[in-house]
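Visitor: Please show me the model, and let us discuss its packing.

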Amino acid sequence: MTETYTWYDSLDPAIFPETAYAQLLERLPEVTPFNQLAWLRACADQLAGRQLRILAAWQGEHMVLCLPLTIGRERLLGMPWRVIRHLGYPLADRIVLAVDGVDSPLLGKALRQIRSRVPHSLLEFNEVLATESADQLAAVWSDLCSYREDRLSCRVPEHRITEADHKDPTGVLGSELRRARRRAGEATAQLRRLAPDAGQMRDLVGELAAVEQASWKGEEGVGLFSPERLPLMTAALTALAAQGRVRVVYLERDGRCISYRLGLLERGRLYDYNIAYLPEYSALGSGRLLLHEWLMWGLEEGWQWVDASRVSLHNSNHQLHERMDGLIDNHHWRFCSRRPGGILLGIAYRLWARVKPRIRKEKMS
């Protein structure tokens with residue numbers, strides 16, 4: 001069947017075919033909350049200094065590929081370059097490239113469409129789940145690029161929820177969990193759950209942001225609800241809450257949230273997206289207590305997995321490592337074009353790949 005390509009400059013319902021996109025996502029079992037239009041539209045509304053371009057490929061009436069892309073100038077290796085990224089960067093913890101098993105010629109034509117419509121030096125995808133279709137896309141695009149890099153960005157622990165989770169874990173983890181319960185009781189802190197709707201989410205964001213700003217994340221300016229990110233997160237979480245995709249577990253003392261975990265729910269998988277606590281309550285050990293509450297809630301609602309969403313590749317201390325049943329690899333893909341700028345950037349990345357290990361070795365010695 002002959003394929004056709006369509007470009008869109010907006011995700012507005014009057015312009016973008018949301019039904020066809022929703023049908024495409026339904027055919028992709030690994031879809032995450034960060035692929036949903038609710039998330040993508042919030043990100044699109046908060047773009048600063050970047051352009052939005054969405055490429056869709058069709059076979060008949062079926063959308064078989066959709067890449068929402070942003071384009072802008074970035075300084076890399078000390079020089080400005082024209083860079084394409086997936087919409088949602090850097091706040092999307094994991095994305096599935098919306099590609100439905102299309103063949104190699106179509107994938108190659110898709111990249112040529114991008115190059116023709118959006119000339120660039122670098123196309124970069126972060127936190128990509130390497131599905132079979134995505135791997136095929138990467139292989140085809142690699143042959144059409146001057147340089148391609150595929151590196152592991154993180155290995156995410158996941159835990160399958162089973163009836164065995166009704167019982168406390170044994171060993172050190174069980175002792176830590178019981179200690180956290182006792183300390184929470186001594187502090188008269190109560191466990192709460194909330195599956196907010198849109199109105200509740202708008203009110204809740206301020207409360208969660210206040211806790212995070214008082215924590216080490218706020219002090220270091222790396223929080224999810226930092227002032228520059230707050231408008232985007234308010235819009236995104238409100239839109240996802242309207243679809244029933246947000247869950248929050250928290251400890252409350254005297255009517256005040258003192259610690260929380262924020263999760264995004266997609267197809268029976270709870271993504272543990274953010275955690276924060278007030279520093280004066282750090283001794284409670286509330287993280288494990290709230291993580292255990294995810295499991296109890298999951299047993300009641302029929303979730304299959306709790307997923308750490310994103311972790312540091314090195315020295316991660318996510319508490320789900322203590323319960324994990326498996327690891328999910330997130331990838332970082334770079335594709336340098338065959339334009340002069342892309343060729344130069346590819347050469348620079350190759351040189352850096354050779355020099356970096358030596359620099360690291362010298363620092364360690």
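Guide: Helix α5 (residues 171–186) and α9 pack with their axes 8 Å apart, at an angle of about 100°. This is a predicted model, in which local features need pLDDT of at least 70 and side-chain atom pairs count only at pLDDT 80 or more, while totals for chains, interfaces and linings use all residues. Residues are numbered from 1 along each chain as its sequence is written, and side-chain values use heavy atoms, with hydrogens and water left out.

Visitor: How are α5 and α9 oriented to each other?
Guide: Their angle is about 100°. Angles of 65 to 115 degrees count as roughly perpendicular. The two helices α5 and α9 are therefore roughly perpendicular.

Visitor: Which residues of α9 make the contact with α5?
Guide: Contact means heavy atoms within 4.5 Å. On α5 the contact is made by Leu173, Glu176, Leu177, Ala180, Arg181 and Ala184. On α9 it is made by Arg288, Leu289 and His292.

Visitor: Is serine 153 buried or exposed?
Guide: Serine 153 is found in strand β7 (residues 147–160). Because its relative accessible area is 13%, serine 153 is buried.

Methods:
Helices (H or I, at least four residues) and strands (E, at least two) are DSSP runs, numbered from the N terminus. Buried means under 20% relative accessible area, exposed over 50%, partly exposed in between (1.4 Å probe, protein chains only). Axes are lines fitted to C-alpha atoms, for helices over the stretch in contact, and angles run from 0 to 180 degrees between N-to-C directions. Angles under 35 degrees count as roughly parallel, over 145 as roughly antiparallel, 65 to 115 as roughly perpendicular and the rest as oblique.
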